[in-house]
Amino acid sequence: MLSPVYVLRRYYATPDESHSVLLRGEEWISCILEDESRTVKLSKETRVPAGEYFLGLRRDGGMSVRYDTRYRDILPLGHIGMLCAYNHPNWILGNAGMQFQYCYFHIGNTDDDTAGCFLVGNKADVPGKRVLESSAAYQRVYPIIIADIMGNASGYPEDGVLSSVKLIVENHD
């Protein structure tokens, strides 16, 4: 069985933020908000470069603990770690001369909430520079992606689950 491919397709950017859609194959999954594009990384203020990555499940860290508690009784199977994009060991995402670590899909509404990560939303408010209904989107998207990761697991480090599920980030902005 082939692993599913997720595509993050960027369609609009300003000097402050980037708007995208997340697709599973050609099926819309979520609106996404990220930080702005930069040629030199500024910590917590730079979106990841276009490229191919993998999706995994990171179980360690403060954000994972907070989300595990927050969504424990809300999600059908609970929350078992953060959705994390990576292409190197130790949850590192490296490309175009930049290196990121712990690039999560998480909740938030504006670029102030991104910290270099991907914010999910059910709706995009491009003029307002935000995504809307982020928590509802997370509750909907999380089980879909987790099922794909667990069904395509390729390794089990102490702090999570690696998978062969691809994330392709494309610039169309």
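The following legends describe an overall view and several close-up views of a predicted model.

**Figure 1. Overall view of the chain.** The chain contains two helices and 14 strands. Its C-alpha trace extends over about 40 × 35 × 30 Å along the principal axes. The radius of gyration is 15 Å, in agreement with the value near 16 Å that a compact globule of 173 residues would have. Of the 173 residues, 49% count as buried. When contacts between residues at least 6 apart in sequence are considered, 58% join residues at least 24 apart.

**Figure 2. Packing of helix 1 against helix 2.** Two packed helices are described by the angle between their axes and the distance between the axes. Helix 1 comprises residues 62–71 and helix 2 comprises residues 134–151; their axes lie 13 Å apart and form an angle of about 90°. Angles of 65 to 115 degrees count as roughly perpendicular, and helix 1 and helix 2 are therefore roughly perpendicular to each other.

**Figure 3. Residues at the contact of the two helices.** Helix 1 contributes Tyr67, Arg70 and Tyr71, which meet Ser135, Tyr138 and Gln139 of helix 2. By class, the residues of this contact comprise three nonpolar, two polar and one charged.

**Figure 4. Surroundings of Ser134.** Ser134 is located in helix 2, the helix that spans residues 134–151. Its relative accessibility is 5%; because buried means under 20%, Ser134 counts as buried. Apart from neighbours within four places in sequence, the contacts of Ser134 are His106, Ile107, Gly108, Asn109, Val120 and Gly121.

Figure 5. Asn87 lies in the loop that runs between strand 5 (82–86) and strand 6 (92–95). With a relative accessibility of 24%, Asn87 counts as partly exposed, the class between the limits of 20% for buried and 50% for exposed. Once neighbours within four places in sequence are set aside, Asn87 is in contact with Glu52, Tyr53, Ile92, Leu93 and Gly94. Among these contacts of Asn87, Ile92, Leu93 and Gly94 fall within the residue range of strand 6 (92–95).

**Figure 6. Separation of Asn87 and Cys31.** Asn87 and Cys31 are separated by 56 residues in sequence. In space, the C-alpha to C-alpha distance between Asn87 and Cys31 is 23 Å.

Note on methods. Residues are numbered from 1 along each chain as its sequence is written. This is a predicted model: local features need pLDDT of at least 70, side-chain atom pairs count only at pLDDT 80 or more; totals for chains, interfaces and linings use all residues. Side-chain values use heavy atoms; hydrogens and water are left out. Axes are lines fitted to C-alpha atoms, for helices over the stretch in contact, and angles run from 0 to 180 degrees between N-to-C directions. Helices (H or I, at least four residues) and strands (E, at least two) are DSSP runs, numbered from the N terminus. Angles under 35 degrees count as roughly parallel, over 145 as roughly antiparallel, 65 to 115 as roughly perpendicular and the rest as oblique. Contact means heavy atoms within 4.5 Å. Ala, Val, Leu, Ile, Met, Phe, Trp, Tyr, Cys and Pro count as nonpolar, Asp, Glu, Lys and Arg as charged, and the others, Gly among them, as polar. The radius of gyration is taken over C-alpha atoms; the globule rule is 2.2 Å times the number of residues to the power 0.38. Buried means under 20% relative accessible area, exposed over 50%, partly exposed in between (1.4 Å probe, protein chains only).
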